[in-house]
Amino acid sequence: MLIPEGRCVPIYNSHGDCRRMIQVQCAALLFDLDGVLINSTPAVGRVWRRWAIEHGFNPEEVVAKAHGRPSLTTVREYLPSADHEKENREVERREIEDLEGVVPLPGSLELLASLPADRWTIVTSCTRPLAEVRIKAAGLPLPKKMITSNDISHGKPDPEPYLKGASLLGFGPQECLVFEDVPAGVRSGKSAAARVVAFTSTVQEPALRDAGADWILKTCSDVRVCGYGEQLGLSLRCEASS
């Protein structure tokens, strides 16, 4: 079925469930890591919950704030007078050691395998050592170049991460499609002038929509590459309510 660029067409499966198919074109894809390509939520929760309890903070609050932004940002927010670099190194050490349950999310391996190697990269709030460990633990291909918290001065929701990610591949951000799972990441992509696909793997749809996501899907399983060339053609399978 040929679907015009950006247009939605309702598709019904054999059970009568309605999904919307959207045809999108872009030059390159910029993926967040945790919650988009891999599931590291249990490990993140364990590390930050322990850290919060040790420092007398509300664990649920700290874990929620830690998702989707550099760990150093969280450390600075909660311990303004501490040795931030020292604290962050300890958090990083714990995250590198805790890989239990770090697995690829549905469809991520298949989607990356279908993309030209020079048309996608990872833009993550992890440090480079942590990102590489998690990518390998999940069995994902390691991109030749990627953007981590070691490469930026201002983390998400600042536009810097995705501006640098687009530049790394040689494209303008407006030519790229960003894939995110938390409001801070969505805002980062949108403020960089990119279009953003958000997954409901970490937070619920309303928060992603309020952050400005252009399309909301479940996982990478809802993305298919259907055309190659100067522009990549993608089919996005959205929920009917999106």
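**Cysteines and the parallel sheet**

A: The sulfur of Cys-126 lies 16 Å from the closest cysteine sulfur, that of Cys-220, which is too far for a bond. The model is predicted, so local features need pLDDT of at least 70 and side-chain atom pairs count only at pLDDT 80 or more, while totals for chains, interfaces and linings use all residues. Residues are numbered from 1 along each chain as its sequence is written, and side-chain values use heavy atoms, with hydrogens and water left out.

For Cys-226, the closest cysteine sulfur is in Cys-26, at 10 Å, again too far for a bond. Taking a disulfide as a pair of cysteine sulfur atoms within 2.5 Å, the count comes to zero. Cys-126 is buried, at 7% relative accessible area, whereas Cys-226 is partly exposed, at 44% (buried is under 20%, exposed over 50%, partly exposed in between, with a 1.4 Å probe and protein chains only).

Turning to the sheet, five strands form an open arrangement in the order β6-β3-β7-β8-β9, with parallel pairing (strands are DSSP E runs of at least two residues, helices H or I runs of at least four, numbered from the N terminus; two strands pair if DSSP finds at least two bridges between them). Its edge strands are β6 (120-122) and β9 (215-217), each pairing on one side only. Strand β3 (residues 28-31) pairs with β6 in the parallel sense over three bridges, and Leu-29 stands opposite Trp-120 in β6.
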